[in-house]
Amino acid sequence: MAGLLVAAFSAPAQADDIACYGSDSHFAVFVKQTADLDSYVYFGEREYLDAPIPCGADSMDLAFLKAGESIDQFFGLFSNLAVTGSSTDPFTIISVFELPKTEPIYSVWALDYVVGPGGIVFFEETDTPATPETCPEYENFTMGGMSAIMAEQKLYDLATKEVQSLGEMRCFQMP
């Protein structure tokens with residue numbers, strides 16, 4: 001994931017939106033930028049258990065990690081795990097950071113996902129080819145130069161940091 005730096009940072013210019021999040025031990029500041037500038041997430045440690053969450057330009061100076069450039073979604077901070085997303089239509093690259101590590105401990109190209117405190121439920125492309133037999137919508141999906149893929153539903157458990165199959169297969173239309 002490009003754009004990871006370890007240091008202190010100054011506030012970015014012309015931010016459209018700043019949202020702040022906190023867990024018992026860490027904080028995150030998501031800066032959603034304009035169309036011309038990238039979004040960033042700044043991560044830092046809280047001074048003490050349940051310390052006020054710093055929010056705004058000052059919090060960015062306290063950060064130990066800045067993740068950005070391709071991140072356009074922040075899904076949450078769950079204890080010391082932060083979950084971010086990077087849209088790459090039709091997929092979203094979901095990354096899990098175990099703070100204070102500066103590289104994701106897990107990343108997946110996901111389709112049709114839900115992120116919550118227990119984990120991430122998502123569909124991931126498989127090697128199984130989409131055919132009229134495996135994909136009831138195959139004919140409609142492949143009209144006009146589009147394609148179809150098969151994907152399996154999985155769960156990334158935030159507590160165990162393990163991926164498990166949920167058993168459901170689904171066909172998706174691809175550009």
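**Close-up views of a predicted model**

**View 1. Val96 and its surroundings.** Val96 is in contact (heavy atoms within 4.5 Å) with Leu81, Ala82, Val83, Pro104, Ile105, Tyr106, Ile120, Tyr156 and Leu158, leaving aside its neighbours within four places in sequence. A note before we go on: this is a predicted model, in which local features need pLDDT of at least 70 and side-chain atom pairs count only at pLDDT 80 or more, while totals for chains, interfaces and linings use all residues. Residues are numbered from 1 along each chain as its sequence is written, and side-chain values use heavy atoms, with hydrogens and water left out.

**View 2. The nonpolar cores.** A nonpolar core is a set of buried Ala, Val, Leu, Ile, Met, Phe, Trp, Tyr and Cys residues joined through side-chain atoms within 4.5 Å; buried means under 20% relative accessible area, exposed over 50%, and partly exposed in between (1.4 Å probe, protein chains only). The largest core has 13 residues, of which Val83, Val96, Ile120, Phe122, Tyr156 and Leu158 touch the most other members. At least two residues of this core come from each of strands E6 (81-88), E7 (91-98), E8 (104-116) and E9 (119-125); strands (E, at least two residues) and helices (H or I, at least four) are DSSP runs, numbered from the N terminus. E8 gives the most, with 4 residues. A second, separate core of 10 residues includes Ala28, Phe43, Ala82 and Leu99.

**View 3. The disulfide of Cys20 and Cys55.** This is one of 2 disulfides in the structure, a disulfide being a pair of cysteine sulfur atoms within 2.5 Å. Here the S to S distance is 1.7 Å, and the torsion about the S-S bond is about 80°, so the link is right-handed. Cys20 lies in strand E1 and Cys55 in the loop between strand E3 (40-45) and helix H1 (57-62), so the pair ties together parts 35 residues apart in sequence. Cys20 is partly exposed, at 24% relative accessible area.

**View 4. The disulfide of Cys135 and Cys171.** The sulfur atoms of Cys135 and Cys171 are 1.9 Å apart, and with -80° about the S-S bond this link is left-handed. Cys135 sits in the loop between E9 and helix H2 (138-141), and Cys171 in strand E11 (residues 162-174), 36 residues apart. Cys135 is buried, with a relative accessible area of 1%, and Cys171 is buried too, at 8%.

**View 5. Ser25 in its loop.** Look for Ser25 in the loop between strand E1 (17-22) and strand E2 (26-32). Ser25 counts as partly exposed, at 29% relative accessibility. Leaving aside its neighbours within four places in sequence, Ser25 is in contact with Gly44, Glu45, Arg46, Ser79 and Asn80.
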